[in-house]
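Biologist: Could you take a close look at one part for me, the salt bridges and the residues that make them? I would like a connected account.

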Amino acid sequence: MSADKIEADTSCCASCGVAAGDDVRLKNCTACYLVKYCSVKCQKDHRPKHKRICKKRAAELRDELLFKQPESSHLGDCPICMLPMPLDESKSVMQACCSKVICRGCYYANALREAKASLDQRCPFCRKPVPSSNDEGEKYMMKRIEANDPVAMLQEGLKQYIKGEYSIAFEYYTKAAELGDVEAHVEKDKEKEIYHLEEAAIGGHPSARYDLGCEEEESGNIERAVKHWIISANLGDDESIKELMEYFKEGFVSKDDLAAALRAHKAAVDATKSPQREAAEEYYRILRDTIDAKDSN
């Protein structure tokens, strides 16, 4: 049996040709899924013949995954109001007690409710008492880290990074990424940076997707860059919209594609808005203006 025919038939080993049966279990080539093998030895023996087509198909599969439009950003929905989280992370609050990130609208609404009823301050999500000191907040955070909470690990990594403890910070980032936190995909090795950007982009991180587009632009791959920017624009990323408008002027983006991206961008941004969130933003704007006025006097 020829090698080509064996590769085309996934019911038998691509190397030796033995058919699958009760006593023979074939396993996929996990890179391309085009062929199967009956043993590790057969897979190694067949590698020289299979390498080129395997690499080509693996790249195609990676691109299919990479350029698939995520349903939402990596931030997901607020666990209380269930509306999409805004990409501006200053408009959300992380609770040290449970590591839940909630929108400012829900945080503000809960604070109003407690103030009107003269209630003690509690977490809007898990209802634990708000930490009375930084030390108590640290204890909450460490409990979450001990419970393998990736959000808490990312926050601790950021804290260690600011303190200049880069090795410790990287350890926390790595662990958080392994546990599924998209934002924790950082890499000290420049050669692996693109892989981690891709993993973050696949997870719905608009900024990582935008950066990938910039990397492709620098490499002269404008078509791939535009694909990245369209995906991140659809998630509400402003910088990607700017890039698409510039490349529309140069003829690399069609009128229809730009119009579709603009509509999707507006829909994504509008989905993050609510009267409760707007009230919270107005309150914090007035608070900032008051503080700035006092500082200037």
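This is a predicted model: local features need pLDDT of at least 70, side-chain atom pairs count only at pLDDT 80 or more; totals for chains, interfaces and linings use all residues.

Modeller: Happy to! A salt bridge here is a side-chain nitrogen of Lys or Arg within 4 Å of a carboxyl oxygen of Asp or Glu. Residues are numbered from 1 along each chain as its sequence is written, and side-chain values use heavy atoms, leaving out hydrogens and water.

Let's start with K159, which pairs with E156; their closest N and O atoms are 3.7 Å apart. Both sit in helix 5, 3 residues apart, about one turn of the helix. (Helices are DSSP runs of H or I, at least four residues, and strands are runs of E, at least two, numbered from the N terminus.) K159 also meets the side chain of E138 in a salt bridge, at 2.3 Å from N to O. E138 belongs to helix 4 (residues 134-146) and K159 to helix 5 (residues 150-162), so this pair ties together parts 21 residues apart in sequence.

How covered are these side chains? E156 is buried, at 6% relative accessibility, while K159 is partly exposed at 29% and E138 is partly exposed at 32%. Buried means under 20% relative accessible area, exposed over 50%, and partly exposed in between, with a 1.4 Å probe and protein chains only.

Elsewhere, K56, R57, E60 and E64 are linked in a salt-bridge network. The structure holds 17 salt bridges.
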